[in-house]
Amino acid sequence: MANRNSDLRFSEEEDAPLIDDTNFDSRGTSRRDPRFALFQRRRKPSKPSNSSSSNSSHWVNSLSHVYSSSEKIMFIFVLILLILVFVFGNLYASSPLPQVSYSLLNNCGGWIKKNPIPDDKSSVGTFSILAEDNIQTLRTIFDLPYKYDHSLSGEDLKFDEEVFGKAQTLYKTCLNETQIEIDGINPLVEILNELVLPLSDESGNLDSEKLVSTLALALKTGITGIYNTFVDADNKNPDENRIQIEQAGITLPSKDYYVENPDVVAVFKQVIEEIFAIIGPSVQTIAGRDWNVAAQDVVDVETKLASIQMTPEELENPSVRYHPMKISELQLLCPHINWLSHFNLVFPSEDFPKVISPETVVVVNSDNYFGNLSSILVDLKHEAVENYIAWMSISSYAKYTNKEIRQISKKLGLKLGTAATLDPPRWKTCINEMDSNVGYGAGKWFVNAVFSGDSKTAAEKTIQAIKNSMIKRVPDIDWIDKSTGDLAISKIKSLKPKIGFPDEIMNPVKMHEKYLTLNLHSSQYLNNIVSTARFHTSSNLNDILIPVDRSRWGMTPPTVNAYYNPPMNEIAFPAGILQPPFYSASDPQYLNFGAIGMVVGHEITHAFDNNGRQFDSEGRMIDWWSNETAVRFDDKTQCFIEQYGNYKVTGPDGTTVNVNGKLTLGENLADNGGLSRAFEAWKQEMESLGRRADSINQFLPGLQKYTREQLFFVGFGEVWCQAITPAAALRRVRIDPHSPNRMRVHGAVQNSKYFRDAFQCKDGQKMSPVDRCEICLEVDLEEFGTDFGSPTAMAFSTNWLTLCHSKKTGLESAMEKHADVPRFVSALASQNETLLSIGLWFVCCFPSL
């Protein structure tokens, strides 16, 4: 496991889970009649005085001196109608508030209705739809032969075609299902017979030296066993690479499943048994065994390993998972493994001279795991460990084999929500594998196809604007002392942005050198996957011989995501995300800042969340906050832990599970801070541009009744539209450091003063709770010279009022009609609220009353 970058979303098929609410239908639409939302914010009429009858009579009679008979009739009619509006509106507003409408607050409207979860996915959302567009772009490129780049010549042209060819070879061999079926299980059996060796000693017990040798060989083949070894930057000296070793060895997503989900464990065992029955007879060491017993061995070994592992919540804390020690000290901590032997096998002296000795310092991520590992290994039978290693090898490569094995494996995926009823089209699987394994090699062609200089320039400006916003805000934060604040400003200024793609991918010579040792075969898909795994493992281990390369990226160019990397103090935004709906040069800035601006603010805020704050401006893990500031920060974050910890998701069996407020704390802080800083940066830019701001913040057809401030939040909510299966939602709430998409939006706007001001919410409404969480003070909108739009729109449009209660509004209805339009660039039909129009007509026609 490399350093845990704080990314925007969970890097699986989709971003983060959606919560199922019992008060909403399958589309997330409120079951209450949306028409009543028009009235829920009206004030209650004052109680009349004792003389109200005579006064009213005199008032009505006086109309005869001013207005005609028809005007008086119309006035009385409208007056009665408005009284009814007030009475029934307040009755509705005083009734218990419904659950918040996901489709409204995320401004998804008809999007979810028109984008049901496909049968080949466990979720669908804005992120995944853009990702699909990106892989379609790659498919268009790699379905065709290499297109000569006439700007290149000689060796550059040769290397350019060579790198393209390697990426295309992996893609094409994946597409060749006929050959994959002909090969069957044979390529996997060959790997198993190399790795699954007898592990007994002369007495019939588990031989620890043989175990060490097998695990080292498996590691170099891309298979993780009981523990994982890799090289990464030392958190306390980020310019130096350090050997790292971490807990590993379980198949299920987290340790909780082994205890809390016996139904999942039962399916897990069934899958192991069925696959063993097909492959096992061809594996010499385990052939002839009882496959039911063998499957139970695997479950038992994994259950024991899971029992001593750190939780996902603990793994989020970089201090908790940082335990540097000499190999000799690790030997004392975990005596059943010969660690000097292990590291000499992984880093042989002929390739890594003077790297390994008893004094070599390695970083251990869990002293508890390794401190208890020996007590587990000493009681294991060699047959159980042989079965376990066979399974770990199979599970690493099962999806690259024939359809029979893939379909059996899929049973567990369906139970966990990692698979869907139908398999995706083969080309999608193959493009994704190409991107995962040789994504930088393929990246040049994606960048040339979709990424323009305008996107990079806009991202640079947005980053600088939000950095300026943060620098301006730091001195106003009352719980940060001046010395800590000065260091915080220094860290903001030192943040290094990476935008679009690494420069090296455009250099054929560097790409040739990067992939020089990767050899692929034209017809052997599984062997090609194993070759890429060995290539990447070798490349990583060789990093121990060189200083940290700060120019490296952690994501390929087509990736729809972003990240903050604490030891590098860097933020990265791949080309894949710098596209609509996150950014478009033709969109108004209020939409761009609400979308990509929030993404930028999110990543920058990670530098100061509960994890990022442990690293200074140079990326060193050091305590640079004063004790007083740290205590105040922890007090403030407790509010967020409790707020998000009260959100729930519904699992496949109908039971609800709370979001883990501690696990998701860093991401929740980044969401809240990112939204506020993006809003401030946008407003500051508008203020600095003066009248020129209107030209890049133009109102869109059909949305003139909404203010720019309101539409900023529309832009924010839009990018988080998503639907997800209950199984996938449950899995992610257990392991994902991000809150469910729905709660990412709800939580952030509930805490946002800017949202309350923009929509004129009152304390106590659903989207404006009295008790709110706050880390960084939000200022009054008047400081920015806010323009809320025309007085008529602000006085009489109730669509924005209903967002406070979050019932269905005209905006949502408009989106249902235009759900196929991703960025509102087509006109949204204006919605006519009849009673509201009558009220407006009344005031316009009788201005003197």
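## Aromatic pairs, disulfides and local geometry

The structure, a predicted model, holds 33 aromatic pairs. One of them brings together F712 and F713: the ring centres are 5.1 Å apart and the planes meet at 85 degrees, so the pair is edge-to-face. F712 and F713 are both buried. They also belong to a single aromatic cluster, formed by Y590, F679, W682, F712, F713, Y754, F755 and F759.

Rings also take part in contacts with charged side chains. The charged end of K456 sits over the ring of F501, at 5.7 Å from the ring centre. In the case of R613, the charged end sits over the ring of W625, with 4.6 Å to the centre.

### The chain as a whole

The chain comprises 34 helices and 12 strands. It has 849 residues, of which 57% count as buried. Among contacts with a sequence separation of 6 or more, 79% are between residues 24 or more positions apart. The accessible surface amounts to about 35000 Å², and carbon and sulfur atoms account for 52% of that area.

### Helix α20

Helix α20 spans residues 453-473 and has 21 residues. From the first C-alpha to the last it reaches 30 Å, close to the 30 Å expected at 1.5 Å a residue. The buried residues of this helix are S455, A458, A459, T462, I463, A465, I466, K467, S469, M470 and R473. Which elements cover the buried residues of α20? The cover includes the helices α21 (482-494), α24 (589-605), α26 (665-689) and α30 (753-759), together with the strands β7 (496-500) and β9 (570-574).

### Disulfides

A disulfide is a covalent bond between the sulfur atoms of two cysteines. The count in this model comes to 2 disulfides, and their geometry is set out below.

| Disulfide | S to S distance | Torsion about the S-S bond | Handedness |
|---|---|---|---|
| C174 and C430 | 2.1 Å | about -80 degrees | left-handed |
| C639 and C773 | 2.0 Å | -80 degrees | left-handed |

C639 is partly exposed, with a relative accessible area of 28%. C773 has 6% relative accessibility and therefore counts as buried. A further cysteine, C334, is buried with a relative accessible area of 0%.

H512 is located in helix α22 (residues 508-514). Is H512 buried or exposed? H512 counts as buried, at 13% relative accessibility, because buried means under 20% relative accessible area. When residues up to four places away in sequence are not counted, H512 touches F159, E162 and V163. H512 and G441 are 71 residues apart in sequence, while their C-alpha atoms are 8.9 Å apart in space.

### Backbone exceptions

Most residues other than glycine have a negative phi, and most peptide bonds are trans. The sites described here depart from that pattern.

The peptide bond from P580 to P581 is cis, with omega near 5 degrees. P581 is found in the loop between β9 and α24.

N569 is not a glycine, yet it has a positive phi of about 45 degrees. The residue lies in the loop between β8 (563-565) and β9. N569 counts as buried, at 0% relative accessibility.

Q760, another residue other than glycine, has a positive phi near 55 degrees. With 36% relative accessibility, Q760 counts as partly exposed, whereas N569 is buried.

Definitions and conventions:
Residues numbered from 1 in each chain as written. Predicted model: local features only at pLDDT ≥ 70, side-chain atom pairs only at ≥ 80, totals over all residues. Heavy atoms only, no water. Helix = DSSP H or I, 4+ residues; strand = E, 2+ residues; numbered from the N terminus. Expected span 1.5 Å × (residues − 1). Buried < 20%, exposed > 50% of the residue type's maximum accessible area, 1.4 Å probe, protein only. Contact = heavy atoms within 4.5 Å. Phe/Tyr/Trp six-rings, centres within 6.5 Å; stacked < 30°, edge-to-face > 60°. Lys NZ or Arg CZ within 6 Å of the ring centre and 35° of its normal. Disulfide = S-S within 2.5 Å. Areas by Shrake-Rupley, 256 points an atom, 1.4 Å probe, with all protein chains shown as cover.
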